[in-house]
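I opened my notebook for a first walk through this fold. Here is what I looked up, in the order I looked.

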Amino acid sequence: MAAQRQSYQTGHAPKCLVVVDDSAEWDRAIRYAGRWAMRAGGRIVTLHIIETEDQNQQWLGVADLMRAEAQDEANAALDQAAALLSAIGAATPERVIREGEPTAQILATIEHDSDIALLVLAANSGVDGPGPLVTHVTKTIGAFPIPLVIVPGDLKDADIDALS
């Protein structure tokens, strides 16, 4: 069972969780979250998930090198998200890097921080569908302990600003 949210209790502040991944539209979610945080007085947690596969012990050295490269890529992506937030005047986000299956890591991040009150994802607007993360998360949304906002990937900055 999920921990009780404490987002609006004395000494706490609501946080918005945003997944920063390699999709073309993740910046739409960042902009929405930044605008939300500025208007609601909340904070942002950016999450990058490194998807891992079973590592064969024989190739441990290669796996360690791949993990280090993935950490560097994760930090670069989170730096880019922080720069986008700074450009619109939002506060510096908290940064989280996790390894594993994406939905499980999102839920673990939410469980770990009882101030997270909202999950924001962006959906691909193309014919290929909303993207693997949005597709998988929406299949399990009934079990999520917080609301989910899905930002259409083709919204312009002005449209997002008007909505958030």
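Which residue just after α1 takes a positive phi? I found Gly-41, with a phi of about 75°.

**Ground rules.** I noted that this is a predicted model, where local features need pLDDT of at least 70, side-chain atom pairs count only at pLDDT 80 or more, and totals for chains, interfaces and linings use all residues. Residues are numbered from 1 along each chain as its sequence is written, and side-chain values use heavy atoms, with hydrogens and water left out.

**Whole chain.** I counted 5 helices and 5 strands; these are DSSP runs numbered from the N terminus, helices being H or I with at least four residues and strands E with at least two. Along the sequence I read the pattern β-α-β-α-β-α-β-α-β-α. The radius of gyration is 16 Å, close to the 15 Å from the globule rule for 164 residues, so the chain is as compact as a globular protein of that length. (The radius is taken over C-alpha atoms, and the rule is 2.2 Å times the number of residues to the power 0.38.) I also noted that the C-alpha trace spans about 50 × 35 × 30 Å along its principal axes.

**Helix α1.** Next I looked up residues 26–40, the 15 residues of α1. The helix reaches 21 Å from its first C-alpha to its last, close to the 21 Å expected (1.5 Å times one less than its number of residues). I found 11 of its 15 residues buried, so α1 is largely enclosed by the rest of the structure. Buried means under 20% relative accessible area with a 1.4 Å probe, protein chains only. Among the buried ones are Trp-26, Ile-30, Tyr-32 and Trp-36.

**The cores.** What does the largest nonpolar core hold? I found 24 residues, and those touching the most other members are Cys-16, Val-18, Val-20, Ile-30, Tyr-32, Val-120 and Val-151. (A nonpolar core is a set of buried Ala, Val, Leu, Ile, Met, Phe, Trp, Tyr and Cys residues joined through side-chain atoms within 4.5 Å.) β1, α1, α2, β4 and β5 each supply at least two residues of this core, and α1 gives the most, with 7. A second, separate core of 16 residues includes Leu-17, Val-19, Ile-110 and Ile-116.

**Val-20.** Leaving aside neighbours within four places in sequence, I found Val-20 in contact with residues including Trp-26, Ile-30, Leu-47 and Ala-81. Contact means heavy atoms within 4.5 Å.

Notes
Buried means under 20% relative accessible area, exposed over 50%, partly exposed in between (1.4 Å probe, protein chains only).
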